[in-house]
Amino acid sequence: MSGQKPEWVKKCIGILKSLKAHKHGWVFSEPVDPVKLNIPDYLEIIKKPMDLGTVRTHLDNGTITNPEDFKANVVLTFDNAMRYNPANHDVHMMAKTLKEVQTSFVSKCLPLSHYVQLFFQKWTSSEATIMEKWKIEKAGGDASSAPSEPSIGTMRCIRLQT
């Protein structure tokens with residue numbers, strides 16, 4: 001596994017690529033520049049700025065160490081935008097759209113990967129799979145042989161073993 005990214009990181013990178021490819025993704029691809037955007041109060045209101053580019057950097061340099069950290073940082077990106085911008089502001093609505101990934105909107109956009117849809121619509125079922133692979137990789141095993149969608153019985157065994 002040396003030199004090779006863990007399976008869960010590859011899946012998270014795929015999610016980021018799909019989000020950035022979305023027609024609203026460009027808004028969230030790099031850090032907010034309060035000077036350039038003339039919003040001097042941004043850092044007073046948003047205590048922990050986050051964007052999709054920074055999430056990718058954190059995945060690449062190992063600052064994000066598990067899928068739950070990834071999820072929290074992606075959600076923080078959109079929550080920050082919705083917190084700072086009023087509900088009727090374009091950026092607020094773009095963030096809400098990307099966070100919810102509405103079915104009617106997805107059909108009008110570039111095709112989104114299966115993992116993007118799972119991430120926002122069914123994180124609980126995906127989280128179990130990603131976390132299982134992360135645990136296997138963390139223990140030094142090969143997660144590529146782990147089941148893609150473990151059954152409830154399998155998950156009970158995994159939880160009992162950890």
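## Burial of the tyrosines

In this predicted model, Tyr42 has a relative accessible area of 5% and is therefore buried, a class that means under 20% relative accessible area with a 1.4 Å probe and protein chains only. Tyr84 also counts as buried, at 18% relative accessibility.

The model is predicted, so local features need pLDDT of at least 70 and side-chain atom pairs count only at pLDDT 80 or more, while totals for chains, interfaces and linings use all residues. Residues are numbered from 1 along each chain as its sequence is written, and side-chain values use heavy atoms, with hydrogens and water left out.

## Aromatic pairs

Two aromatic pairs are present in the structure, where rings of Phe, Tyr and Trp (its six-membered ring) pair if their centres lie within 6.5 Å, and planes over 60 degrees apart count as edge-to-face. The ring centres of Phe28 and Phe78 are 5.2 Å apart with the planes at 80°, so this pair is edge-to-face. Because Phe28 lies in the loop between helix H1 (7-21) and helix H2 (42-45) and Phe78 in helix H4, the pair ties together parts that are 50 residues apart in sequence; both Phe28 and Phe78 are buried.

Tyr42 and Tyr84 form an edge-to-face pair, at 5.1 Å centre to centre and 65° between the planes. Tyr42 belongs to helix H2 and Tyr84 to helix H4, so parts 42 residues apart in sequence are tied together by this pair.

## Packing of H4 and H5

Helix H4 (residues 67-84) packs with helix H5 (residues 90-100) at an angle of about 150°, their axes being 8 Å apart. That makes H4 roughly antiparallel to H5, a term for angles over 145 degrees.

Note on methods:
Axes are lines fitted to C-alpha atoms, for helices over the stretch in contact, and angles run from 0 to 180 degrees between N-to-C directions. Helices (H or I, at least four residues) and strands (E, at least two) are DSSP runs, numbered from the N terminus. Angles under 35 degrees count as roughly parallel, over 145 as roughly antiparallel, 65 to 115 as roughly perpendicular and the rest as oblique. Rings of Phe, Tyr and Trp (its six-membered ring) pair if their centres lie within 6.5 Å; planes under 30 degrees apart count as stacked, over 60 as edge-to-face and the rest as tilted. Buried means under 20% relative accessible area, exposed over 50%, partly exposed in between (1.4 Å probe, protein chains only).
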